[in-house]
Amino acid sequence: MFVDNFFKNYCKNKRIIIFADIVFTVKLLCMRMKRVRCFLLMACIGVVASVFAQDEAQEKAEEGRPLVGIWQMVLPANVSNTDFSLRYLPVFKVLNSDGTFCNMQFPGQGRRALFNQEGTYVIDTDSTYTERIVKSPHADYKGISNPLKYKVTEDKKMLFTQYWNPTAEEWMPEMWLRVETPEGKENRPKTEL
């Protein structure tokens with residue numbers, strides 16, 4: 001209050017006096033609006049907290065569904081002691097968040113794509129899940145439950161699975177790469193019309 005009176009009484013310049021009046025008026029309004037400011041501050045804190053809670057909930061949901069996505073089968077190629085490259089196969093696994101899945105195959109140019117298997121899946125543990133096959137072009141697979149071991153890499157881009165092959169009486173390994181949308185122009189596939 002003293003500072004406001006000082007500006008009014010001792011400043012000769014009218015612009016400064018007008019500015020001082022505005023500052024004084026704003027201070028009075030702010031003092032009267034403490035309740036409103038407090039409410040607005042609490043509302044802002046609530047909004048920020050809910051955003052962080054949603055992000056945390058989404059991360060927990062993704063942790064609970066590490067397999068959800070579209071995966072392309074790959075094989076290691078040109079393996080050396082220090083490095084390897086991947087060979088991409090025309091086989092895809094789609095694991096949906098509602099617990100359904102399908103395996104698709106693209107047999108080659110000029111041929112139709114087909115579903116090898118369709119059904120539901122349940123994550124049993126953090127390293128096993130079971131596919132229940134409902135539809136398949138192979139009559140032997142319909143209605144069976146197929147337990148699989150799995151491991152997802154830390155960056156969630158690779159999926160390693162093993163399924164039990166009763167004929168060979170051994171676990172058969174598979175490698176899957178998550179299908180992602182490329183970012184930036186340089187990663188876009190070139191298409192010609």
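Biologist: Which residues lie nearest the centre of the largest pocket?

Modeller: Gln117, Tyr141, Asn146, Tyr163 and Glu174 lie nearest that centre, and the lining has 23 residues. This is a predicted model, where local features need pLDDT of at least 70, side-chain atom pairs count only at pLDDT 80 or more, and totals for chains, interfaces and linings use all residues. Residues are numbered from 1 along each chain as its sequence is written, and side-chain values use heavy atoms, with hydrogens and water left out.

Biologist: What makes a space a pocket, and what makes a residue part of its lining?

Modeller: On a 1 Å grid over the protein atoms alone, a pocket is an open set of points where a 1.4 Å probe fits, with protein on both sides within 12 Å along at least five of seven lines; a lining residue has an atom within 4 Å of a point. The largest pocket holds about 640 Å³ of space, a volume filled by probe spheres set on the points, which are joined across faces, edges and corners.

Biologist: Which strands each supply at least two residues of that lining?

Modeller: Strand 2 (85-95), strand 3 (100-105), strand 4 (114-123), strand 5, strand 6, strand 7 (158-165) and strand 8 (170-178) do. Strands are DSSP runs of E with at least two residues, helices are runs of H or I with at least four, and both are numbered from the N terminus. The chain has 3 helices and 8 strands, in the order α-α-α-β-β-β-β-β-β-β-β from the N terminus on.

Biologist: How many residues of each class are in the lining?

Modeller: The lining of the largest pocket has 10 nonpolar, 9 polar and 4 charged residues. Ala, Val, Leu, Ile, Met, Phe, Trp, Tyr, Cys and Pro count as nonpolar, Asp, Glu, Lys and Arg as charged, and the others, Gly among them, as polar.

Biologist: Why are Tyr129 and Tyr150 called an edge-to-face pair?

Modeller: Rings of Phe, Tyr and Trp (its six-membered ring) pair if their centres lie within 6.5 Å; planes under 30 degrees apart count as stacked, over 60 as edge-to-face and the rest as tilted. By this rule there are 4 aromatic pairs. Tyr129 and Tyr150 are 5.8 Å apart, centre to centre, with 70° between the planes, so the pair is edge-to-face. Tyr129 is in strand 5 (residues 128-135) and Tyr150 in strand 6 (residues 145-152), 21 residues apart, and the pair links these distant parts of the chain. Ring pairs also bring in Tyr121, which forms a cluster with Tyr129 and Tyr150.

Biologist: How do you know whether Trp164 is buried, exposed or in between?

Modeller: Buried means under 20% relative accessible area, exposed over 50%, and partly exposed in between (1.4 Å probe, protein chains only). Trp164 has 36%, so it is partly exposed. Trp171, at 31%, is partly exposed too. Tyr129 and Tyr150 are both buried. Of the 193 residues of the chain, 21% count as buried.

Biologist: Why is Leu148 called buried?

Modeller: Its relative accessible area is 3%, so Leu148 falls in the buried class. Leu148 lies in strand 6, and its C-alpha atom is 7.2 Å from that of Trp164, 16 residues apart along the chain.

Biologist: Why is the contact of Lys93 and Glu131 called a salt bridge?

Modeller: The term needs a side-chain nitrogen of Lys or Arg within 4 Å of a carboxyl oxygen of Asp or Glu. For Lys93 and Glu131 the N to O distance is 2.7 Å, so the contact qualifies. Lys93 lies in strand 2 and Glu131 in strand 5, so the pair ties together parts that are 38 residues apart in sequence. Both residues are buried, and the structure holds 1 salt bridge.

Biologist: What is the class of Glu169 by relative accessibility?

Modeller: Glu169 has 61%, so it counts as exposed. Glu169 is in the loop between strand 7 and strand 8 and has a positive phi of about 55° although it is not a glycine.

Biologist: Where does Lys156 lie?

Modeller: Lys156 lies in the loop between strand 6 and strand 7. Its phi is near 60°, a positive value in a residue other than glycine. At 38% relative accessible area, Lys156 is partly exposed.
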